[in-house]
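Here is a short briefing on a structure. Look at the model first, then read on topic by topic.

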Amino acid sequence: MHLISAAGASPSLVLQLVVSGVVLGSFYALLGMSVSVIYSTTKVFHFAHAFVYTAAAYVALGTASVLGLPIVLAIVIGLIAAVVLGVTIELVVYRSMRRSGASSLGIFLASLGISIAGPNLIQIIFGPDGRNLPVGNPTLYTVGTVTFTTWDIVTVVVSWVLIGGVLAMRRSRWGLASIAVSANRELSAAVGISPQKIYVYAFAVGSLLIGSAAILFTLNQAATPNMGLQPVLFGFIATFLAGVGNQKTAPLAGFVLGMVVSLSGIWLSQTFQTAVIFGLLFVALIVRPQGIFRKAAV
Amino acid sequence: MTVSTFISRARRFTAAAAVAALAVGLASCASSDSGTAAACDGDTAINGIFGEGGEAGGQGVTVKVGMLLAMTGSGSSYGEVMSNGAKLAAEQILAACGPDFEIAIGDHESGSVPAAVAAARKLISQDGINVLQTSFGGVSEAIIPLVQQNKILTLQGGGTSPGQIGKDYLWNTRQLFADPSIPGGLAWVAQTYPEATKMAVVGTLENGINAQTKLIPEIWPEVAPGGTVVLNEQHEVGLTDFGQIIAKIQSAEPDVIWIFEQGGDNATFMKALRRAGVTAPVVSSETGGEEVCKLAPEEFDTVIALGENYDVANPNPFNEQFVTEYKDAYGKNPDIFAANYYEEMFVFWELVNRVVADGGDPTSGEQLQAALAADPTFQSVYGGSADEVGTMSIDEETHLPVKPMGAYTIKDCQLTQVATITEVDEGGDPFSGVSK
């Protein structure tokens with residue numbers, strides 16, 4: 001097996017990997033933001049996010065392919081489904097468990113159970129085969145030796161617009177309340193902020209972001225019932241790289257993760273992709289447990 | 001206990017019970033067992049091929065068949081079609097007054113060795129299986145000691161790897177993935193693209209490693225003057241982001257690309273490759289199947305498939321009724337995996353018949369294997385003609401089958417054979433393995 005690439009580091013390879021890294025990094029940034037919004041506010045390891053991710057894609061392609069609705073409308077319905085599902089999980093599962101005095105571990109296990117049972121349910125309904133969102137082939141752009149497509153541009157633009165929107169919302173009444181709950185739940189409740197409402201808000205925003213990520217993914221790739229676990233895992237890694245609870249830098253950490261993964265291709269085979277990701281996490285947790293960037297004020 | 005405490009506990013219990021019921025329900029649905037038994041009338045199309053059934057045909061005998069499949073994970077589409085093929089065969093055999101093949105499915109989670117070993121142990125010790133159908137390369141190698149210790153006759157139709165060759169109790173109904181077709185295939189590529197010298201190789205870590213890393217780098221320079229392998233990349237099954245590999249392909253500028261992808265990975269790779277503007281011819285060691293055609297129809301039309309092929313349109317009567325019944329049952333054409341696991345059930349039936357005829361125990365793996373070794377030729381959905389059922393033979397030493405191989409162009413998901421490929425002995429002339 002060729003562990004080290006025979007292609008070497010030609011300038012055209014480096015440039016193409018940089019472009020791929022920008023696209024991948026933007027996608028990981030969106031994932032990181034999505035996970036961070038929920039985790040930093042609620043402290044829930046929301047692994048069921050994987051189910052929300054998958055459900056958004058399947059609702060969109062189901063309404064487009066089966067019901068024959070226009071693709072834009074199908075995407076909107078998919079995003080609404082993601083928000084509804086995410087909020088429902090919070091209200092029906094997590095909130096009930098919190099009220100029952102369940103531990104963080106118990107809530108995590110419930111979330112993990114949903115992340116396994118949910119995709120199984122989708123597989124039973126739709127089957128295990130991959131399914132395409134009925135969108136046409138993207139336009140190919142060539143600049144010198146570097147190529148990219150319309151979907152690459154859409155991924156980068158949509159990801160950063162959504163991230164920017166969420167960061168801007170931190171200055172709104174809801175955003176400030178969310179920061180307060182994140183910093184001290186009991187104290188914020190004492191001054192009249194309802195943590196329960198803020199949790200719902202966090203799940204709605206996080207689910208909208210992860211649903212968007214799922215749609216962006218499905219523009220390029222087939223949706224499968226098991227599509228959700230890896231992106232959510234990468235979202236968590238970005239969150240940990242940024243420093244737990246640091247919403248502002250989670251997208252940057254996701255971007256760095258994507259760039260490192262892509263540029264590692266200069267020297268390493270694709271086989272090492274997973275090792276690179278977890279290696280980066282491992283080193284970051286040891287050397288900079290507070291996050292790879294200087295901790296920003298919440 | 002206060003009322004609120006009681007309500008709280010009751011709610012917790014209800015929630016836990018609901019989650020448990022959902023999980024159990026979904027798990028059982030995901031690994032459902034054999035289909036419902038059909039009434040035996042002894043006058044089915046299968047009876048026309050395999051005989052009347054009845055006592056001599058194993059009627060009244062129950063054989064427990066284990067299936068070790070990818071029911072969850074990135075390869076779960078394989079598990080579905082494999083189990084579909086086997087379930088259909090079990091129903092047909094029962095309806096043809098043959099034995100009752102009871103199917104129990106174990107999930108190796110798309111290639112996880114610990115999951116495979118645990119599932120195989122459960123199938124053997126708790127489900128009490130008599131025979132086994134396995135899939136994937138690595139996991140099937142891992143369970144060899146188990147099936148040998150317990151004398152479970154095992155058939156492998158999904159991912160034959162070098163580590164499974166010639167193993168006691170493990171017999172393959174699919175050829176060693178890619179290897180037999182490589183010398184003749186490379187010769188065909190050299191003849192078809194005489195200007196091509198730079199070859200890129202991309203494939204999964206699951207199967208065909210020997211072909212990717214040893215055979216092609218050795219033989220390509222031999223058949224193509226000045227030939228070199230400019231890129232050789234392997235990745236895990238189910239990769240979704242091929243950006244890094246495509247970038248390397250673009251940089252290496254190969255004249256031809258040989259891929260060793262499986263199932264949906266074919267579609268993902270081809271879409272990414274063509275969308276990146278790479279137009280080099282692509283040779284695939286897998287002939288695709290409906291999922292690939294559905295996901296990337298335009299892109300796969302630019303592929304040349306090279307190797308073992310299952311032909312849905314084969315007029316062989318055994319195959320014709322299989323395709324018809326399969327489409328009726330599942331609403332789509334069978335692929336190579338459905339075909340292999342389907343006909344493996346008929347291999348088991350033929351073996352049961354032989355053991356019954358000898359007055360033996362048709363649930364004994366030892367006796368079934370002895371019957372197989374004594375005459376390793378079986379009726380098959382491969383080969384044959386409109387008037388004649390095909391046959392498949394398994395080599396007694398290697399435990400590998402001999403099946404038709406070729407080079408195929410693809411148009412609208414239909415394969416057209418453009419050359420016949422035959423296996424070349426080690427050190428032989430690769431050009432002797434190709435004929436048009």
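B:Tyr169 sits in the loop between β4 (153-156) and β5 (170-172) of chain B. The model is predicted.

**Loop residues with positive phi**

- B:Tyr169 is not a glycine, yet its phi is positive, at about 75°.
- B:Tyr169 counts as buried because it has 22 C-beta neighbours inside 10 Å; the cut-off for buried is 20 or more.
- B:His399 is found in the loop between β12 (390-394) and β13 (401-402) of chain B.
- The phi of B:His399 is also positive, near 65°, and this residue is other than glycine.
- B:His399 has 23 C-beta neighbours inside 10 Å, so it counts as buried.

- B:Val113 belongs to helix α4 (residues 113-125) of chain B.
- Beyond its neighbours within four places in sequence, B:Val113 is in contact with B:Gly138, B:Val139 and B:Ala142.
- B:Val113 and B:Glu218 are 105 residues apart in sequence, and their C-alpha atoms are 31 Å apart in space.
- B:Ala373 is part of helix α15 (residues 365-374) of chain B.
- B:Ala373 counts as partly exposed because it has 13 C-beta neighbours inside 10 Å.
- Along the chain, B:Ala373 and B:Glu397 are 24 residues apart, and 9.4 Å separates their C-alpha atoms.

**Helix α3 of chain B**

- α3(B) has 20 residues, which should span 28 Å at 1.5 Å a residue. Its end C-alpha atoms are 29 Å apart, so the two values agree.
- B:Cys97 follows α3(B) and has a positive phi, near 65°.
- The partner here is helix α14 (residues 336-357) of chain B: its axis and that of α3(B) come within 7 Å and cross at roughly 35°.
- The crossing of these two helices, α3(B) and α14(B), is right-handed.
- Among the residues of α3(B) that meet α14(B) are B:Tyr78, B:Val81 and B:Met82. On the α14(B) side they meet residues including B:Phe337, B:Tyr341 and B:Trp349.
- By class, this contact of α3(B) with α14(B) has 16 nonpolar, two polar and no charged residues.

**Helix α8 of chain A and its two partners**

- Two packed helices are described by the angle between their axes and the distance between the axes.
- Helix α3 (residues 71-99) of chain A and helix α8 (residues 195-220) of chain A have axes that come within 8 Å and cross at roughly 140°. That angle makes α3(A) oblique to α8(A).
- The crossing of α3(A) and α8(A) is right-handed.
- Residues of α3(A) in this contact include A:Ile75, A:Leu79 and A:Arg95, and those of α8(A) include A:Gln196, A:Phe203 and A:Ile215.
- The contact of α3(A) with α8(A) has 13 nonpolar, seven polar and two charged residues.
- The axes of helix α1 (residues 11-42) of chain A and α8(A) come within 9 Å and cross at roughly 165°. This makes α1(A) roughly antiparallel to α8(A).
- α1(A) passes α8(A) in a left-handed crossing.
- Among the residues that make this contact are A:Phe27, A:Leu30 and A:Thr42 of α1(A), with A:Ile198, A:Ala202 and A:Leu216 of α8(A).
- The contact of α1(A) with α8(A) divides into 15 nonpolar, five polar and no charged residues.

**Where chain B touches chain A**

- In chain B, 42 residues are in contact with 40 residues of chain A.
- Elements of chain B that give two or more residues to this side include α1 (3-30), α3 (76-95), β7 (228-235) and α11 (290-295).
- Which element gives the largest share of the side of chain B that touches chain A? It is α1(B), with ten residues.
- This side of chain B has 17 nonpolar, 17 polar and eight charged residues.

Notes. Residues are numbered from 1 along each chain as its sequence is written. Chains are lettered from A and ligands numbered from 1 in the order in which they are written. This is a predicted model: local features need pLDDT of at least 70, side-chain atom pairs count only at pLDDT 80 or more; totals for chains, interfaces and linings use all residues. Helices (H or I, at least four residues) and strands (E, at least two) are DSSP runs, numbered from the N terminus. Two residues are in contact if their C-beta atoms, placed from the backbone, lie within 7 Å. Ala, Val, Leu, Ile, Met, Phe, Trp, Tyr, Cys and Pro count as nonpolar, Asp, Glu, Lys and Arg as charged, and the others, Gly among them, as polar. Axes are lines fitted to C-alpha atoms, for helices over the stretch in contact, and angles run from 0 to 180 degrees between N-to-C directions. Angles under 35 degrees count as roughly parallel, over 145 as roughly antiparallel, 65 to 115 as roughly perpendicular and the rest as oblique. A crossing is left-handed if the near helix is turned anticlockwise from the far one by less than a right angle, and right-handed if clockwise. The expected span of a helix is 1.5 Å times one less than its number of residues. A residue is buried if 20 or more other C-beta atoms lie within 10 Å of its own, exposed if 12 or fewer, and partly exposed in between; C-beta atoms are placed from the backbone.
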